[in-house]
Amino acid sequence: MPTITAFENSPDRGRGQARDMRVRWALEEVGQPYDVRLVSFAAMKQPAHLALNPFGQIPTYEDGDLVLFETGAIVLHIAERHAGLLPTDANARSRAIAWMFAALNTLEPPIVELGMAMLFERDQSWYAERLPILQERVRTRLGELSRHISEADWLDGAFSAGDLMMVTVLRRLNTSGLLDEYPEIAAYVGRGEARPAFRRAFEAQLAVFNAASRS
Ligand code: GTB
């Protein structure tokens with residue numbers, strides 16, 4: 001049974017924004033049970049955790065001799081070893097992987113940049129000038145993605161690891177108001193969140209937060 005790591009006390013208060021969510025969701029989609037080891041911020045920077053992830057971050061993934069970090073690599077590993085997250089046709093499989101990269105390399109950077117500014121830079125003198133610039137960069141990508149998915153439920157045929165990654169990246173915009181400007185994308189994220197595997201993963205990470213706040 002694989003073991004993943006997750007925040008002992010997630011700063012998102014169980015809203016499923018921490019990146020263990022995408023790994024949990026992938027494991028739920030393929031029906032693979034897993035263990036979770038919760039780590040504190042301090043423990044993530046200690047040698048035992050740095051041996052799993054040299055950047056001292058969660059999530060990590062351990063299964064037998066294999067240790068992985070980086071959610072792209074972890075989700076791809078899960079998708080390659082189980083049925084359900086990648087098409088069997090070779091070209092369709094490569095396209096699904098391309099969508100995983102698009103989520104991580106093309107969408108996630110401007111989305112994270114905007115989120116970080118909204119969280120940590122509000123008090124800066126230049127915040128009011130910088131915010132619309134960051135929002136516009138995100139809008140550019142959302143507009144392009146919106147045109148792509150306007151006619152379809154998923155990015156390329158059936159639901160795949162590409163959709164799983166894209167939905168988790170787009171969910172980071174939940175509190176930004178930007179998703180409301182793109183109804184096709186909001187509906188796409190809603191379809192992802194309605195999947196039973198997503199719900200199970202979400203409830204599991206929420207249970208960690210609820211237990212931490214009770215103790
Ligand atoms: N590229 C890596 C991957 O995809 O695996 C990035 C991993 C990463 O960013 N991990 C974060 C982490 O460990 C947690 S998910 N941070 C601690 C550190 O760097 O010291 C990022 C995250 C954190 C909190 C929220 N939130 O509160 O809403 C959302 C996302």
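This is a predicted model: local features need pLDDT of at least 70, side-chain atom pairs count only at pLDDT 80 or more; totals for chains, interfaces and linings use all residues.

Reader: Why are α4 and α7 called roughly antiparallel?

Author: Helix α4 covers residues 71–81 and helix α7 covers residues 161–170; they pack at an angle of about 150°, with axes 10 Å apart. Angles over 145 degrees count as roughly antiparallel. The pair is therefore roughly antiparallel.

Reader: What is the handedness of the α4 and α7 crossing, left or right?

Author: The crossing of α4 and α7 is right-handed.

Reader: What about α1 and α7: at what angle do they cross?

Author: Their axes cross at roughly 145° and come within 10 Å. The crossing of α1 with α7 is right-handed.

Reader: Which residues make the contact of α1 with α7?

Author: From α1 come Arg 22, Trp 25, Ala 26 and Glu 29. From α7 come Leu 164, Met 165, Val 167, Thr 168 and Val 169. By class, that contact has six nonpolar, one polar and two charged residues.

Reader: What makes α6 and α8 roughly perpendicular?

Author: Helix α6 (residues 127–149) and helix α8 (residues 183–193) cross at roughly 70°, and their axes come within 8 Å. The range from 65 to 115 degrees counts as roughly perpendicular. So α6 and α8 are roughly perpendicular to each other.

Reader: Which residues meet where α6 contacts α8?

Author: In α6 they are Leu 142, Leu 145, Ser 146 and Ile 149, and in α8 they are Glu 184, Ile 185 and Tyr 188. This contact of α6 with α8 has five nonpolar residues, one polar and one charged.

Reader: Now the empty space. How do you know where any is left?

Author: A probe the size of a water molecule is rolled over the atoms, and this shows where space stays empty.

Reader: How much space lies in the largest pocket?

Author: The largest pocket holds about 1,200 Å³. It is lined by 37 residues, and the closest to its centre are Gln 17, Arg 19, Met 116, Leu 119 and Arg 172.

Reader: Which element gives the largest share of that pocket's lining?

Author: Helix α5 does, with ten residues. At least two lining residues come from each of α2 (41–44), α4 and α5 (90–120). By class, the lining of the largest pocket divides into 16 nonpolar, eleven polar and ten charged residues.

Reader: How many cavities of 30 Å³ or more does the structure hold?

Author: It holds two. The largest cavity has a volume of about 80 Å³. About 40 Å³ lies in the second largest cavity.

Reader: What makes a space a cavity and not a pocket?

Author: In a cavity the 1.4 Å probe fits but cannot get out, whereas a pocket is open.

Reader: Which residues line the largest cavity?

Author: Ala 6, Phe 7, Ser 10, Ala 18, Asp 20, Arg 24, Gln 205, Val 208 and Phe 209 do. Two or more of them come from each of β1 (3–7), α1 (20–30) and α9 (196–214). The largest share, three residues, is from α9. The classes in the largest cavity's lining are five nonpolar, two polar and two charged.

Reader: Which residues line the second largest cavity?

Author: Its lining is Gly 16, Gln 17, Ala 18, Arg 19, Met 21, Arg 22, Thr 168 and Arg 172. Two of these count as nonpolar, three as polar and three as charged.

Reader: On to the backbone. What is omega for the peptide bond that joins Ile 58 and Pro 59?

Author: Omega is about 0°, and the bond is cis. Pro 59 sits in the loop between α3 (47–50) and β3 (60–63).

Reader: What is the phi of Arg 13, and where is Arg 13 found?

Author: Arg 13 has a positive phi of about 60°, although it is not a glycine. Arg 13 lies in the loop between β1 and α1.

Methods: Residues are numbered from 1 along each chain as its sequence is written. Side-chain values use heavy atoms; hydrogens and water are left out. Axes are lines fitted to C-alpha atoms, for helices over the stretch in contact, and angles run from 0 to 180 degrees between N-to-C directions. Helices (H or I, at least four residues) and strands (E, at least two) are DSSP runs, numbered from the N terminus. Angles under 35 degrees count as roughly parallel, over 145 as roughly antiparallel, 65 to 115 as roughly perpendicular and the rest as oblique. A crossing is left-handed if the near helix is turned anticlockwise from the far one by less than a right angle, and right-handed if clockwise. On a 1 Å grid over the protein atoms alone, a cavity is a set of points where a 1.4 Å probe fits but cannot get out, and a pocket is an open set with protein on both sides within 12 Å along at least five of seven lines; lining residues have an atom within 4 Å of a point. Grid points are joined across faces, edges and corners, and a volume is the space filled by probe spheres set on the points. Ala, Val, Leu, Ile, Met, Phe, Trp, Tyr, Cys and Pro count as nonpolar, Asp, Glu, Lys and Arg as charged, and the others, Gly among them, as polar. Contact means heavy atoms within 4.5 Å.
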